[in-house]
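Good morning, and thank you for making time for this item.

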Amino acid sequence: MKYTLIVFVLTVSLLVSCKKGNNSSSSTSSTDTSYNTLFIPPTVSGTTFNLTLSKSSKQFFKTGSATTTYGYNGYSFWGPTLIMNKGDNVQMNVTNGLTDTTTVHWHGFHIPAKMDGGPHQKIAPSTTWSPNFEIMNNASTYWYHPHLHEKTLEQLTMGAGGLIIIKDPTEAALNLPRTYGTDDIPLVLTSRRFNSDNSFDLTTHAYGDYELVNGTINPQVNLPKQFVRFRILNAETERAYNLGFSDNRIFYVIGNDGGLLSTPVSVTRLVMGVGERYEIMVNLGKDEIGSSILLKAYNSNQAFGFPGAEPATNGAFGSLLNNKDFQVLKINITASTTNAITTLPTTLVSNTYWKSTDATSSISTAINGGQGGSAFYFDNNYYNYNTINQTIPLNAIVKWTFSGGNIFGHSIHIHDIQFNIVSRSSGAIADYEKGWKDTYFIHLGETVSVVAKFDDFSDTTWPFMYHCHFPNHEDDGLMGQFIVK
Ligand code: C2O
Ligand code: CU
């Protein structure tokens with residue numbers, strides 16, 4: 001491990017020194033007015049969380065009308081970041097201030113099905129839903145969002161959603177950046193298409209034309225000259241992101257959906273499908289104060305099946321950002337903070353993942369449909385609110401295999417559990433994917449197996465969901481439900 005780290009450090013210094021001669025972005029000052037300051041959603045912590053979803057509006061562009069949006073707690077797009085501690089019992093009070101029904105799902109949480117906020121936990125207009133549960137998940141980045149069947153795309157597109165950061169003593173014991181908004185930065189990546197009056201285009205287009213980070217168009221952020229942590233969520237409709245920095249510097253993946261990795265994984269590119277979260281650390285300690293680097297999506301020249309690789313600039317499967325390397329965030333380097341994190345831990349947490357041989361049963365799910373732009377569905381059935389598709393015995397360790405996506409790639413999400421990916425028919429599992437996950441990208445034509453234990457929560461009535469996390473696919477019926485009993 002020590003030798004590997006020395007190689008990383010050497011490579012980073014080489015990249016930094018190569019960069020000095022011809023870096024076109026480093027001359028831009030931090031007061032560049034073509035950029036907007038990155039919005040950092042304010043935090044709420046404690047054990048009681050009140051959320052109210054209502055209509056709002058946001059001025060995305062410097063000229064023209066504001067856009068009608070949805071936000072929680074009066075925010076104009078997206079909601080506050082909820083900070084919770086593992087082991088706490090939390091009381092959630094979700095009030096629906098819309099004229100339409102909604103739900104709120106706690107994505108990634110291991111909680112009773114009845115509290116899960118899926119399509120069955122409807123919140124009628126002007127009513128409050130008040131689930132309570134114990135936080136059992138590891139420290140990581142989770143999120144909340146609407147999950148009403150056939151309305152998920154619309155409500156997400158309007159801006160309903162928010163991040164949840166879970167903290168625990170294991171994470172707290174590590175020397176990691178964790179000053180929210182200073183060296184610990186949430187990045188919610190999505191894009192939108194706008195109509196000519198600046199309203200959101202709510203028709204089921206797969207891709208937006210304008211990149212939004214935390215709801216900010218063309219964002220920039222000032223960050224200190226030291227190690228910085230980003231908590232990244234892909235909150236898109238379909239687009240995947242092949243993330244990297246403009247000087248191709250190495251960065252370190254330290255965590256994914258359900259917790260920290262065992263050791264940091266060094267990469268220059270990180271692929272994120274819809275619904276996935278990754279935590280990364282990047283060393284800004286060798287950058288000059290006043291210089292800038294860009295976080296970009298290197299999405300050009302991807303194979304068909306990579307969502308956003310399609311070349312069209314408009315239409316149902318096109319967008320201005322498709323098949324391009326585009327800018328996600330401009331980072332301006334400022335002075336380091338006191339107590340700056342200047343090193344990367346060599347090890348993080350000790351994880352023992354489920355293996356194929358641990359499985360006590362298995363499930364195979366086929367993705368069907370999609371021919372000629374038609375809807376996708378699982379196992380020859382569109383989602384039906386009243387059908388239980390799978391019954392899983394409590395405490396079963398299940399190997400769950402998805403296959404048959406012969407038209408396009410998808411993002412597969414299973415509620416209730418965190419799993420370990422044990423095989424990908426397309427080849428090796430990326431090192432940064434080797435961790436606790438609840439969502440993964442399944443490539444065109446691929447077969448992927450994961451293993452998870454369905455423990456703690458049984459319920460003969462209330463189901464959990466499994467689905468494609470592209471909200472348009474999910475709304476169209478690429479979803480199923482299971483009960484644990
Ligand atoms: Cu992010 Cu079924 O949800
Ligand atoms: Cu899909």
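Two strands are said to pair when DSSP finds at least two bridges between them. By that criterion, in this predicted model, β3 and β6 pair in the parallel sense over 6 bridges. Within that pairing, Thr52 has Thr95 in β6 as its bridge partner.

Let me turn to β10. How many of the residues of β10 are buried? The count is 6 of the 6, so the strand is largely enclosed by the rest of the structure. Ser140, Tyr142 and Tyr144 point one way from β10, while Thr141, Trp143 and His145 point the other way. As for its pairing, β10 is joined antiparallel to β7 by 3 bridges, with His105 opposite His145. It also runs antiparallel to β11, over 5 bridges, and there Tyr142 has Ile164 as its bridge partner.

In soluble globular proteins, nonpolar side chains tend to be buried together. The largest nonpolar core in this model comprises 40 residues, and Met84, Trp106, Phe109, Phe133 and Ile164 have the most contacts inside it. The elements that each supply at least two of its residues are β3 (48-58), β4 (67-72), β5 (81-85), β6 (89-96), β10 (140-145), α2 (152-158) and β11 (162-167). Domain 1 (43-169) and domain 2 (174-334) each contribute at least three residues to this core. Phe133 deserves a separate word: leaving aside residues up to four places away in sequence, it touches Asp88, Asn89, Val90, Met92, Trp106, Phe109, Ile111, Pro112 and Met115.

Now to a loop residue. Asp100 lies between β6 and β7 (105-107). Is Asp100 buried or partly exposed? Its relative accessible area is 21%, and it therefore counts as partly exposed, the limit for buried being under 20%. Beyond residues up to four places away in sequence, Asp100 touches Pro125, Lys151, Glu154 and Gln155.

I move on to a second sheet. Its 5 strands form an open, mixed arrangement in the order β26-β33-β32-β28-β30. At the edges are β26 (390-392) and β30 (439-442), each pairing on one side only. Ignoring direction, neighbouring strands here are turned against each other by 25 degrees on average. Inside the sheet, β28 (residues 410-414) and β32 (residues 464-468) pair antiparallel over 3 bridges, and His413 has His467 in β32 as its bridge partner.

Finally, the metal site. Which residues coordinate the copper ion, ligand 2? They are His410 through ND1, Cys468 through SG and His473 through ND1, at 2.0 to 2.1 Å. Along the chain, these donors follow the spacing H-x57-C-x4-H. Cys468 has a relative accessibility of 0% and therefore counts as buried; His473, at 7%, is buried as well.

Note on methods: Residues are numbered from 1 along each chain as its sequence is written. Chains are lettered from A and ligands numbered from 1 in the order in which they are written. This is a predicted model: local features need pLDDT of at least 70, side-chain atom pairs count only at pLDDT 80 or more; totals for chains, interfaces and linings use all residues. Side-chain values use heavy atoms; hydrogens and water are left out. Helices (H or I, at least four residues) and strands (E, at least two) are DSSP runs, numbered from the N terminus. Axes are lines fitted to C-alpha atoms, for helices over the stretch in contact, and angles run from 0 to 180 degrees between N-to-C directions. Donors are N, O and S atoms within 2.8 Å of the metal (3.2 Å for Na, K and Ca); water is not among the atoms, so sites may look incomplete. Buried means under 20% relative accessible area, exposed over 50%, partly exposed in between (1.4 Å probe, protein chains only). A nonpolar core is a set of buried Ala, Val, Leu, Ile, Met, Phe, Trp, Tyr and Cys residues joined through side-chain atoms within 4.5 Å. Domain bounds come from an automatic or database domain assignment. Contact means heavy atoms within 4.5 Å.
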